[in-house]
Amino acid sequence: MASMTEFSALVCGNRAFVEKDYSSAIKHYTAALEEDEEDINALCNRSAAYCAMELYKTSVKDAEAAISIDENCTKAWERKGLALDKMGKRKEAEKAWTKALLIGGDLDVYMNVLRHLGLGGQLPPSPIAAAPAAAAPV
């Protein structure tokens, strides 16, 4: 089995996060950011770890840093919304989540946002399925 030193800081951070060792996860994500300060995955994941530790302002800061690098990063908008919601700023959270929905592209983020908004994480009905059947050609 490979030692953790053989894996990237991001991978080590992800493993620590899954094990709910958020403090170690943050250290690993910070190390990844020392290698590449524009690593959006490290910023988003560190944002999640900060949020899990109830450090919501710091979580928002990392999410916003990711957004400043790529404003179409749905994960960053979702993380920002979650931290804002935990801070009691529901309207701001809904704006962030709406932005994530409008960007689209990441089904997992989309489903998380729907859950955050209290929509149960269910996909809305397809507009195609709801459209009336076209008349048969003559």
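1. A nonpolar core is taken here as a set of buried Ala, Val, Leu, Ile, Met, Phe, Trp, Tyr and Cys residues joined through side-chain atoms within 4.5 Å, where buried means under 20% relative accessible area with a 1.4 Å probe, protein chains only. The model is predicted: local features need pLDDT of at least 70 and side-chain atom pairs count only at pLDDT 80 or more, while totals for chains, interfaces and linings use all residues. Side-chain values use heavy atoms, without hydrogens and water, and residues are numbered from 1 along each chain as its sequence is written.

2. The largest such core has 30 residues, and Cys44, Ala66 and Ala76 have the most contacts inside it. Helices (DSSP runs of H or I, at least four residues, numbered from the N terminus) α1 to α7 each supply at least two residues of this core. α3 gives the most, with 7 residues.

3. Ala66 touches Ile40, Leu43, Cys44 and Ala76, leaving aside residues up to four places away in sequence; contact means heavy atoms within 4.5 Å.

4. α3 and α4 pack at about 165 degrees with axes 8 Å apart (lines fitted to C-alpha atoms over the stretch in contact; angles run from 0 to 180 degrees between N-to-C directions). That makes the pair roughly antiparallel, a term for angles over 145 degrees. The residues of this contact divide into 10 nonpolar, 3 polar and 2 charged (nonpolar: Ala, Val, Leu, Ile, Met, Phe, Trp, Tyr, Cys and Pro; charged: Asp, Glu, Lys and Arg; polar: the others).

5. α6 and α7 pack at an angle of about 150 degrees, their axes 10 Å apart, which makes them roughly antiparallel. Arg90, Trp97, Ala100 and Leu101 in α6 meet Val109, Tyr110, Val113 and His116 in α7.

Key: Buried < 20%, exposed > 50% of the residue type's maximum accessible area, 1.4 Å probe, protein only. Parallel < 35°, antiparallel > 145°, perpendicular 65-115°, else oblique.
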